[in-house]
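Subject: Structure handover

Hello,

Here is the structure I promised to pass on. My notes follow below it.

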Amino acid sequence: MPVALSSVTGFLLLVLGIPVALALVAIPMVFLFADPTIRTPMLVIPQKMFGAMDSFPLMAVPFFVLVGQVMNTGGITNRIFDFANALVGHFRGGLAQVNIVASLLMSGMSGSAVADASGLGQVEIEVMKKEGYDPGFAAAVTAASATVGPIVPPSIPLVIVGAITNTSISQLLVAGLLPGLLMTAAMCLLVAYIGRRDNLPTRPRATVRHLLVTFARSAPALFAPVLLVGGILMGVFTPTEASAVAAAYAILIACFWYRELSLRGLCTVLWQSAMTVGAIFLIIAGAAAVSWLLTWLGVPQSLAASLSGLAETPALLMLVMIGFLLVIGCFLESNAALILVAPLLVPIGLSAGFDPVHMGTVMVLVLMLGLVTPPVGMNMFIVMSIAKISLRHYLRAIWPFFAILLVAVLIVAFVPQISLIVPQLLLR
């Protein structure tokens, strides 16, 4: 009875629009209140919440959030978009191709899908609408391409996975490089097909001079991932320290190179970042409280026992895990989902012989699909608001991108070397 009551309470709170963090915290609280025979003090909930946030690797999250905010405010986003436009804008459906490539380039600094969708999205969707693109298609491309942000290093979700599963964060970060490129290529091929089928507009081919000029303007921003990944691989700084370096670098080029971020603007960016980080860490804390309850109830052990028979057939186990994550991703924010399911699934995957770095990469890839699907997809809500379209219009346009991204995820899941070859080559 207490389990059912707490589960229903959490679900109803989510349906009513209560913040995810509060809905998650309510689940263990209702459970402890509902059963008077339980002698566990309520104090254990805040202890577990604060314990989850008291993690050195998670210090990278605030800095990467700050990087995304600085990019959106300091003129970096527009310059990345201009370079991507000069690079691929002349292809059929050029602005959609620009949208995807710009997301790939921006992901090398922000590590956040929401920062990509909200920052680049405002520029991309408005330009595409002015060029005659269907608003639903523009929104779908933007939402789908933003999922690359948390895959290509740096990546906030991969940092969280490493922190909660004791997996090398350095290996996880570089493991996302090839999967991110695969997702980008898959979406570009889809747009090329749709562009030919629907005769989407193109732009004039950029001159070599214009291409070089736009590259020079965006070069400081494009250098950021080289600086970060190179520093991590050479042992100059840890992934957590790299996040602070990225934040300092983004502020320096926005304030002193592009000169589009004033002191007052920087204060606003710091405030917005603090609000975003507060929301993220509250979700992490709430998810940790639910994770404690699940462990106390023996759910991990029961799940492991029910899936232990699949360990002898790794392919089937991987499919079951992907299906489970797809469902979870539809109803939970990705960071909360990772906190809840990673400690459950990684040991099961290890028993089947899966590499923990590969497992972490696949989990993040699958959960990113939840960002573009109802009912709680953050990218979906952001692009619908920018494009001013209905849910029905959005869903009609997003399904081909969801399908192609799912195919890319399955390829990464069943060809482990795609995610493992870069860590093996660079960090052996």
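How much space lies in the second largest pocket? About 310 Å³. A word on the basis before the rest. This is a predicted model, where local features need pLDDT of at least 70 and side-chain atom pairs count only at pLDDT 80 or more, while totals for chains, interfaces and linings use all residues. Residues are numbered from 1 along each chain as its sequence is written, and side-chain values use heavy atoms, with hydrogens and water left out.

The pocket

A pocket is an open set of points on a 1 Å grid over the protein atoms alone, with protein on both sides within 12 Å along at least five of seven lines; a cavity is a set where a 1.4 Å probe fits but cannot get out; lining residues have an atom within 4 Å of a point. Points are joined across faces, edges and corners, and a volume is the space filled by probe spheres set on them.

The second largest pocket has 14 lining residues. Nearest its centre are Phe 137, Arg 197, Asp 198, Arg 396 and Ala 397. Helices α11 (177-198) and α20 (391-414) each supply at least two residues of that lining. Helices here are DSSP runs (H or I, at least four residues), numbered from the N terminus; strands are E runs of at least two.

The cavities

The whole structure holds three cavities of 30 Å³ or more. Two elements give two or more residues to it: α10 (169-175) and α12. α12 gives the most, with three residues.

The aromatic pairs

Rings of Phe, Tyr and Trp (its six-membered ring) pair if their centres lie within 6.5 Å; planes under 30 degrees apart are stacked, over 60 edge-to-face, and the rest tilted. That rule gives four aromatic pairs. One of them is Phe 83 with Phe 215, tilted, at 5.5 Å centre to centre and 55° between the planes. Phe 83 is in helix α5 (residues 76-88) and Phe 215 in helix α12 (residues 208-233), so this pair ties together parts 132 residues apart in sequence. Phe 83 is buried, at 9% relative accessibility. Phe 215 is partly exposed, at 41%. (Buried means under 20% relative accessible area, exposed over 50%, partly exposed in between, with a 1.4 Å probe and protein chains only.)

Tyr 133 and Phe 137 are stacked, because their ring centres are 6.3 Å apart and their planes at 10°. Tyr 133 is buried at 5%, and Phe 137 is buried at 10%. Together with Phe 401 they form one aromatic cluster.

The core

A nonpolar core is a set of buried Ala, Val, Leu, Ile, Met, Phe, Trp, Tyr and Cys residues joined through side-chain atoms within 4.5 Å. The largest one has 146 residues. Phe 137, Met 363 and Phe 401 are among those that touch the most other members. Helix α14 (residues 263-296) gives the most to this core, with 13 residues.

Contact means heavy atoms within 4.5 Å. Beyond its neighbours within four places in sequence, Phe 401 is in contact with residues including Phe 137, Met 187 and Leu 190. Met 363 sits in helix α18 (residues 356-369). Met 363 is buried at 1% relative accessibility.

Best wishes
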